[in-house]
Every structure is written in structure tokens, then in C-alpha cells.
Amino acid sequence: MRPINPRGTWTLFLREIRRFLKVKMQTIFTPALTAMLYLVIFRYAMGDRHVPGLEVDYFTFLVPGLAMMAMMQNAFANTSSSMIMGKVMGMHIYLLMAPLSAVEVVFAFLAAAVVRALVVATVFLAVLLPFVDITLLHLGIILLYGISASIIMGGLGLIAGMWAKDFDNVAMVTNFVILPLTFLSGVFYSVKQLPEIWQQINYANPFFYLTDGFRYGFLGIGDTDPFASISIVIGSVVVTVLCCWYLWYSGWRMKE
Amino acid sequence: MNALEINGLTKTYDNGKTALNNVTLTVPQGSFFALLGPNGAGKSTLINMLADTVRPTSGEVTLLGRELFSDRAWCKKRIGVVPQEIAFDPFFTPREVLRFTSGLFGCKPDEAWIDELFDRLELTQHCNKNTRQLSGGMRRRLLVAQALVHRPELVILDEPTAGVDVELRRRLWSFMRELNAKGITILLTTHYLDEAEELCDQVAIIDQGNLLTARPMKEMMSEIASSHLWLNYGKPVALTAEDSSALAAFDPRANDEGVCLKLGHFEGGSTFHEAYEAAVSCFGPPIDAGVRSEDLEDVFLRLTAKETGGRA
């Protein structure tokens, strides 16, 4: 039986938290500023226009989706930037040399990604709540979808960071994979607004279920049944975590 | 007990290059062990396999009686590695780095020990600066502190003094000697062979992935190291077949200024007279002559030159 290293796991988790807290401008204040910009642009540009098929005004519809998008992007950034920074600066060897199992490393990285995502979402929503009529209608659903999305995106960030050789590789994944998938996950529109073919494409995007379920938690409305989508979300979490564990365990692109 | 028992360790990379070829080596516990070899010899590959940053192709390693590859967590807690390349975390201060490193190895940060490390490695004044503000030498010393902060029983130093000035190097070695005297095994690779000769009680030489020799330093110097008679003729000397035959007992080597003959030793004397007379009969009297004993660098060059088919 392999001895476990709870102190090492806790230390790695704390280190990852401290890392993003050291760059508060990026991780705390930027989401707050972005929220203000969204407020100015969408709240006043769209006015009281309603989303077709859903009894809600467009800005209220947007806010949970934007919060979810910020969570997903920050969770991805937390793990991917830490990994690639470690590789470029040579610090990743201390993770490889430390007596930490793959389970412990993955747990610490993903837990820190979840914390960053929750901090970002809290700041984002705290800025916008005075201007929008939303409540924590189904807190359990909000947390389930929010945390699941953070784990999935944190996991994808970890894999991208392990795969990447330089910052450009990570930027490529961020800009050509993550950004399109999050933008096309129903953050800015209801899937009912789309032509049939695009609706089908949306249903194949796992990020769509995350955004839609998260929105349901706040507004009680959505394009899918969030309870029926739980299996897709949980399945995606399990697959992502297992992939992270296996890749770290095998030393994929980390050990020669 | 031995600190390390390496048995048939081999590393072949995906491109087919064998960096380490069936190396078998024992590092006694409490020894100060020099692992020497030219660039690309396989030293760092060996160290990286011990540190778990490179996967072995085959072979076994025992650390303090425990199987390294199957009991990694136990073994890793007992190994501290100073990597060859400078690595630093630009987000944190040296003190934070040492606290995190302690924690990663499962140890509660020992502030007294951390302070002592800063003191011994002359980083006290810089311990609360961001690592980005440290010079290259300071960063390298921080790597040494990181390797020691969890109080390992085996410390592996992969060229730790590159870029460190002479005075600091001396202090670092003094610190390492103290640690070694307390029973910590130290495995050192360095290009400063005089340092290895002075510090280490065991030595192994590796080249092109193959182990050439491994033995106690004193034994190596007395058995392998020999003295040579250097005869200066002020011009290159051509060794004919006849000369080579006449001087065969002295392993003659011609160079730009003359010839060099290896001296044999026996109780109470050497073959100096015979060698000198033989050289004079072949080339005439030299304009200058001298005897020089081999140091570790000569032995190193001679052994690694033989491996590559050249002549020292």
C-alpha cells in the first residue's frame, strides 16, 4: 500500500491558491471590471428585450452564463498556466521529485482551480447583483454545475499544460478550443433561437449543459432539463479526472 | 548498508540513443561520492532516473535497502536533488519556496532549519525578496537549500557550483562536508575535478553511458594514477616502430614538444632511470625533463580517451 502524503497535497493546493492570489489584478479585479463592462454594454444596449421562448429579459439571461464562462476560463487558466510556467521555468521537476501520487497531484490542482473559479464567480456576481433580478433559486444545482464545470475545465487545463511545450501551445488551445466551446455553449443565446442543425451541434457540446444547468439554478428556466443532464455532467467530470490521473501517472510529456 | 545499489540500469530514449548502458554501481552510506564523466556521458540521465524525472528502460535500484522503483514515496522523502539547470518559481520568495518544498515532501516547515540554510548559503538578506530579484548564483544556492530542506539522507548534487564564485563555492563545500560528517550520503557530479579529488572518498567515471571505473578515491589514485616522465625536445617527436618497440614498457606518447613515458613503481623506487636511458638512446638527450604524478583530471582524461579510442 502506497503511503499517502496529506501534507504534500495540502501544500500543493495552498501553493496553487497563493499563486493566483499573488496576481490579484488578473484573478480578482479583472472579472470585476469585465462585469462592469458587460453591464454597460449589454444592460443598456439590449434594454428590456426578452429572449425568444424564455420569459426573461436578455441581460438577466446573460448574467449566469457570463459568470459560468468566467469560471470555466479561470479554472482552465489556473491549471494550464501553472503547468506551463513550471515547465518553462524548470520548477515542474519538484512536483515529479516530491513523494506525491498522481491522485494527490490531480486532486490538489483541481481543488485549487475550483476555488479560483468560485472566487471569480463570486466577485463577478457581487458586482452585478445590484443591477439584475436574480437569486440563488436552486443553490444545489448552482454548486453542482459550477463545481463540475470548474473540475472539467481545470482538468482540461492540466492536460493542456502537460501537453504544451511553451506558452504559445497553451494560447493555441485556449484560443482555438476552449474559447469557441465556451462562446458556443449558450452563454449569449438560447439554443431555441438557433437553426435545427446548430441546435444539434450545441447538444453535442458538453459545455452547453454546464452553462444551461448553471443558469437554471439562478433563473429556474433553461433549454434542457438540468436534472436529466446531471448524468452527462457527472460523466464528463469522471472522464476528465480519470484522464488527468492516468496522464500524470504515466508521466505523459513530463518524464522522458 | 549501502545508500544506493544500482544494478544494470539502462536508459534508451525513444530516438534509439542509449544514454546509460547497463550501469552497476554501489554508493556506500555516508560516503561523499563523485560521479564523473564528460558532457553527455549519462551522469544527468542517471541522476534524473533516481529523481524520477526520467523513466528507466531496465535495471533495479535500491535506496537504503528499499526498492526505489516500487517504493517511490518512501525513497523520495529520503532524496534531495540539486538539478543541473537553474529552476525558480517567479511567484514566491525563497522563504515561501522552502516552506512549500518542505510541505511537498510531507514535512512541516522547520523555520529554524530554514533559517540555518539561508545563513549557511548566504541568502538571509534575500530570503524575503521575490526569486525574480535573485542573481543566478543566488538561485543556484536556493536550489541547494531546496534539496536540503526536508533533511534527506541522500543528497544528489548535479554540478551545483557552476556559476558560483570561488569563495561561496568553498563555503558550500564546507557545509557539505559538515552534512557528510553527520552521516548524510552525498553524490556529486562536477566539472571541477580538483574539488572532487579533495572532497570525495569514492569515485566513479562514466562515459558514453558506460561505467569505466568505480572505487574508493584513495585506491583509484594509488592503483590507477601513475607518474610520467616528460622529456622536452623543443619540437614534435616522431615515434617510429623501432622507438615504440624499444619504449614499449613505458607506454610512450609523443606530443608537440617531445615525448611522455609512463613510470613503473616498486618498493623504494621507480623506473625513472631505465625510462630516461631508453629515451636518450632513441632520441638523444632532451633539453628539459621532469616527472609529474597524475591527478584525477589526468586519470579522467586518460580513461575517457581510451573509451573514445583516442589518446590522452
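This is a predicted model: local features need pLDDT of at least 70, side-chain atom pairs count only at pLDDT 80 or more; totals for chains, interfaces and linings use all residues.
**Entry 1: where the chains touch**

I began with the meeting of the two chains, and I found 24 residues of chain B in contact with 23 residues of chain A. Looking for the elements behind the chain B side, I noted that helix 2 (72-76) and helix 3 (94-104) of chain B each supply at least two residues of it. Helix 3 of chain B gives the largest share of that side, namely four residues. I then sorted the side of chain B that touches chain A by class, which gave 14 nonpolar, four polar and six charged residues.

**Entry 2: the division of chain B**

Next I looked up how chain B is divided, and the assignment gives domain 1 as 2-216 and domain 2 as 226-293. Taken over C-alpha atoms, the centres of domain 1 of chain B and domain 2 of chain B are separated by 42 Å.

**Entry 3: nonpolar cores**

Which residues touch the most other members of the largest nonpolar core? I found that they are A:Met71 and B:Ile156, in a core that counts 143 residues. The element that gives the most to this core is helix 3 (residues 58-89) of chain A, with 17 residues. Apart from it I recorded another core, of twelve residues, which includes B:Leu229, B:Leu247, B:Cys260 and B:Ala278.

**Entry 4: a helix pair in chain A**

I then turned to helix 2 (residues 24-46) and helix 5 (residues 102-128) of chain A, whose axes come within 8 Å and cross at roughly 35°. The crossing of helix 2 of chain A and helix 5 of chain A is right-handed. From helix 2 of chain A, the residues making the contact include A:Ile28, A:Pro31, A:Ala35 and A:Leu39, while those from helix 5 of chain A include A:Arg116, A:Val120, A:Phe124 and A:Leu128. By class, I counted twelve nonpolar, one polar and one charged residues in this contact of helix 2 with helix 5 of chain A.

**Entry 5: A:Leu14**

Last, I checked A:Leu14, which is found in helix 1 (residues 6-22) of chain A.

How values were computed: Residues are numbered from 1 along each chain as its sequence is written. Chains are lettered from A and ligands numbered from 1 in the order in which they are written. Two residues are in contact if their C-beta atoms, placed from the backbone, lie within 7 Å. Ala, Val, Leu, Ile, Met, Phe, Trp, Tyr, Cys and Pro count as nonpolar, Asp, Glu, Lys and Arg as charged, and the others, Gly among them, as polar. Domain bounds come from an automatic or database domain assignment. A nonpolar core is a set of buried Ala, Val, Leu, Ile, Met, Phe, Trp, Tyr and Cys residues joined through C-beta atoms within 7 Å. A residue is buried if 20 or more other C-beta atoms lie within 10 Å of its own, exposed if 12 or fewer, and partly exposed in between; C-beta atoms are placed from the backbone. Axes are lines fitted to C-alpha atoms, for helices over the stretch in contact, and angles run from 0 to 180 degrees between N-to-C directions. A crossing is left-handed if the near helix is turned anticlockwise from the far one by less than a right angle, and right-handed if clockwise.
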